[in-house]
Amino acid sequence: MSSNNGHGGHSRYSAWSLVRHGLTPKSGWPRAWREHDLESSYDAVIIGGGVHGLATAYYLARDHGMRKVAVLDKAYIGSGGSGRNTAILRSNYLTPEGVRFYDRSVKLYEHLAADLNYNVMFSQRGHLTLAHNDSSLRTMHWRTEVNKLQGVDSSVIGPDEIKKLVPYLDTSADTRYPILGALYHPPGGIVRHDAVVWGYARGADAHGVHIHQQTEVTGIDVSHGRVTGVQTNRGPISTPVVLNATAGWATLISDMAGVSMPVQTFPLQAAVTEPVRPFLDTVVVSGTLHVYVSQTDRGELVFGASVDPFASYSMRGSLEFTEGIAGHVLELMPALHRMKLLRQWAGLCDMTPDYSPIMGPTPVEGFYVDVGWGTYGFKAGPVSGEAMAATLASGKPPEIISAFGLDRFTDGRLVGEKGAAAVGH
Amino acid sequence: MSLLPTTRRGADAPVSMRLGPQPGEVIDRRRTIPFTWNGEDHRAFPGDTIASALAAAGVRVFSRSYKYHRPRGLLTADYLDPGAFFQVGDEPNVRGAHRLVEPGMEVSSQNTWPSLKYDVKAVNQLAGRFLATGFYYKTFIKPEPLWPLYEKVLRRFVHAGAITPDPGEAFYDHRHAHPDVLVAGGGPAGMAAALAAARAGASVMLVEENHQLGGHLRWGDAADLAALGELRAQVAAETGIEVLTDSVVTGRYDDNWVGIAQRNLPGVAERLIKARAGTLVVAPGLIERPYVFAGNDLPGVMLSTAVRRLVNLYAVRPGQRAVVMSANPEGDLAVADLERAGVEVAAVLDARERRGVVRAHGRGGLRAVETNEGRRIEADLLVTATGWTAPTSLLNQSGDRPVYEPTAARFRPDPARMPDNVLAAGEIVGDATVEAIVEHADAVGREAARRAGRGGPAVTIPSLAPRPHPELFTAGTGGFVDLCEDVSAKDITTAVAEGYDSVELVKRYTTVTMGPTQGKLETVNAVALVAAATGKSIAETGTTTWRPVYAPVTLGALAGRPHEPVRHSPMQPWHDRHGATPLVAGQWIRPEHYGDPAAEVRAVRTGVGIIDVTPIGKLDLRGPDVPKLLNLLYVNKWSKLGLGRVRYGVMCAEDGVVMDDGVTGRLGEDHYLMSTTSSGAATVWEWVENWLQTAHPDWQVHVTPVTTAYASINIAGPRSRELLGRLTDVDLSADAFGYMNVRQGSVAGVDDCVLWRIGFTGELSYEIHVPASYGLHVWEQLMARGADLGVTPFGVEAQRILRLEKGHFIVAQDTDGLTQGYTAGIDGLIKLDKDDFVGLPELRWQRERDEHAHLVGVRPLDGSIVPPEASQILDSSGGIAGRITSSRMSPTLGRSIGLAQIDRELAAVGTRVTVRLPDGRDITVEITDAVHVDPEGERQRV
């Protein structure tokens, strides 16, 4: 099977190829990624066809020369958290580990379209985190000072500047939750989340990775403390390397290898409105009101909140969520009362005790994890892929993720990002 | 024929299309109401929708499409019509074929510039071949710096109405309802089910999206209208049925929690009804499915139901010369309606005999129809009746997975997968005569009442199944699948060929079904095209997930009336009268200061001050196991807290991070009062209950939050004993009531007050908790009786300064989400030798590693500089070594002081470090003990 033809010939995307295809309609675009029979063995099997799994496969094949790589997804690629998040990117975190890590991710995102030859529509429109009380404002100042020293563009701005950026915000002093200031982070923004998944899938495919959709892992084979293969609904695969890159199922998949994860799964809900003409050019977040809002290039408003207050595997939306989110959005932007909610959904978030992910090896040799991403996994997709690829290739996690190992829960070296990650979208 | 007067003049003035009176019409011809359309004056009859009034006036083009700006007319002539989204005043995206005309409405088309007729962006039609599906993923990639510009252009193409920053006020509301039976859909089945349920004793809510009950009977023949009249009369006479028209069930959630958007309430823009339904009966009827062929979006191409609505409900002639493609009896009836309306029916293409349309021709409107037999027929109206889609959303949301019936060309519910409290009735289940539908629904209604607990014998529901119908989705000539999103058949085929070969991927790649109609018209056609392109069956291909909401609902209705209570202490009126500057502190508004915080500080240090500390969290704990609870949640020991004693404690979370602090006093043998931080009151209560209910349900502890049951006042300063002594029967002498003790007694004549002697400010002080309704009285008495002592009210700012001088940290200011116990400097409190407490392993690790940051005092060498809080402390290489967490000018010391978290290497007292101020300047500060004033604590122990 020829599996390494890259983006050669007519498959490369550009304005020119678009024109050429327009003029010769019969020519047709090739498949962005191909279908394959499930082979009986792979050098590495990645469970989870989301942005983390696909990015890992892409970098593994591109940078580490590992070509016999399979990515398995029990549904279609991007069907989990990658296609359900609100697609907000930022790097204004609080801990040095967090800032460094997410800043690398934003940098990778900035050049991802060119790198993948797939426009992921990263819109660096700026990101505002509103402060409604003294203590939030103090935290904004803290994040600003940390970010400044780490070279991340952040500043605290006052109500007048906020009003200029977002005229629809009610910045008057007599509201129930007056806006005292905001953390302004110009490089933050939104991205087309599905495009990131598809771009990585296409890139991985071009480097020979096999993407298997509708392929559910039903077991992981471990022998003498080593991974030897996985069982799927399409048959067994033998492999010395398995990566659990799932969200929502992190504990269930790791259980198959006999590895216990300090993870609890909570639903996180989101919703979109009918489109209106663009009026909101930045991402607006309010931790106090548990809401974040952005407007897509299609004109829809995308709303998100904090995770539901109870653990569950349910991906159904609730009526209470829509009431709460509407109330809080109208607190911020009362003029939106006539806008209509169009669709709601939920995704699953695997929360760890310290609001940081679990990345790296496990007690089972050859079984790696990239899980526990809580509400912020999408932002970290590219950098996680890069780091996990290096981990799988060498067996050892690179320095940038060394703080996120599973062993920190038994060594007591937690990496708390609760302050900046809990509702910090 | 009665013609409506229009003000339009000129050669191209359209002909009125209004017909004479129709038997089932819903318009009131006795008067007309004025409105404007793109600035032109128009008139409508009461009962007209915006679209019917415009169609009656001869308007054919209503909007321009999303991507290609193609002219669009009416397609369905109901709520879903993708061609009839209008801007009405400051309201965007109004469903013009549903919304009734109101006097003075200003209606305009969306997405057009400079005008609906001459739209500049229509050039996109020429570029269409280059704007193939997903084109934006394939271009604008390089050069990278240009993408923001491209994006701005893309955003200009947004196809929607506009909002304004200052729209008019509108009133929204919520209501809770508990009907035994909730019927979604007010057609013949819904009405019959509601009647049967009500007659069986159930309370029934009957919800209909349209402005009248009746469903398709409304546009039926004389027999249908007679049946409709009879059903309506019975429903009206049945007191057990509440009818909600112009209202829609938006979603079915767990345990039959159902949302309803009600729009027919005078004076209310929209109301969200939240109903806990005993049984939900889903009876939405069927949605007619468009046919996909080249030119299928031209104005003049309509569904048979659209034609029947226009003629029969609104007395509007839909065209002059028509071609009808019909595959079912309903389509045949449309032919009869057209003939009666004086439309010349040029041809009827019977799809059951494999005749059909392959192409529609025209520019700006239909001119001719091309058939599969090669005929070309001049026409300005093409009517298709090619099949039905079952709106199964509410069933899917109930856990059902409807199955595809190839012989009927539609999905039907799977009764085996429906929960017991959901039933389906009417055409969504199957087809039959009106009598048989009513009979079926009658049984469903009785069964619904029975399942809702209204008794009665078990009901046998007659069988009902979809009748055969040819599978007709596309003529294979192209055309649009999704008119909202301008997604063509070719876009779908292309997407599949590119590898987006499941229906979910096609949806996300092409955006098909993602527009305002949410797939109700489009999904099955899209699935059929995906199935054809992948070589799979429709059943194998499946549909996308039908998610709530069923119909869009305003944010206003979801929010309801704003209900965000503000908490005030009982003393707030006094604060307001005395010039207090308000501070928003969580849910509370409290005094920040009364004009001069520094003077307030000096008053406390030299005389006596009082502060309203009502927001402090208070939990009343009773039971023999309270010490166990305290030992579990606090890091320090509680077993030996004597009667009448008060102890300070710190709570850490499981990660060892400081989460709250406060004092707890033992009031009786098994009775304690716990205080928490103001911001932590709710969290700690949840925390306590969580541990009791999940980990230790056997412990005998009863918890009552009493934060607002008491008004709390702190009386602080060297003369506080003297002041309080004038008002209380409690012996305040140092011997009788020492530091860290609690007493109960009366204050200012108020019994049952709790007094504890503690010292956050560092001065002799008493914190008194008095029954809330007497708070203002006690406060005023303290002010009055202390006038000669110079008693001074002080606010939160003075308190912050006082505690900073005393070196007390504030949780979540001097600590943060990473600050574990030993960092906060509470080493003496943490008892690692306890058997267990929350956070024990983490704290043990922290101490063993001994590499943590420390909370220390800091003083700038230049005491006139107050470094802003969050200023970063730098190490010798310019990295972050810590930060200033609290910083103030100390009135007592006459210089700036602060608290800081700093790396242990730099934490020794006397160390000098560099602090980077937010403005970029660097200053030097010296590390000191955290306690800046009275480190020996003499003042508070007197």
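Modeller: Residues are numbered from 1 along each chain as its sequence is written, and chains are lettered from A in the order in which they are written. The model is predicted, and local features need pLDDT of at least 70.

Biologist: Which strands form the closed barrel of chain B?

Modeller: Strands are DSSP runs of E with at least two residues, and helices are runs of H or I with at least four, numbered from the N terminus. Two strands pair if DSSP finds at least two bridges between them. In chain B, six strands close a barrel in the order 44-47-46-45-48-49, with antiparallel pairing.

Biologist: Over how many bridges do strand 45 and strand 46 of chain B pair?

Modeller: Strand 45 (residues 872-874) and strand 46 (residues 880-890) of chain B pair over three bridges. Gln872(B) has Arg883(B) as its bridge partner in strand 46 of chain B.

Biologist: At what angle do helix 3 and helix 10 of chain A cross?

Modeller: Helix 3 (residues 96-110) and helix 10 (residues 381-394) of chain A cross at roughly 105 degrees, their axes coming within 7 Å. Angles of 65 to 115 degrees count as roughly perpendicular, so helix 3 of chain A is roughly perpendicular to helix 10 of chain A.

Key
This is a predicted model: local features need pLDDT of at least 70, side-chain atom pairs count only at pLDDT 80 or more; totals for chains, interfaces and linings use all residues. Side-chain values use heavy atoms; hydrogens and water are left out. Axes are lines fitted to C-alpha atoms, for helices over the stretch in contact, and angles run from 0 to 180 degrees between N-to-C directions. Angles under 35 degrees count as roughly parallel, over 145 as roughly antiparallel, 65 to 115 as roughly perpendicular and the rest as oblique.
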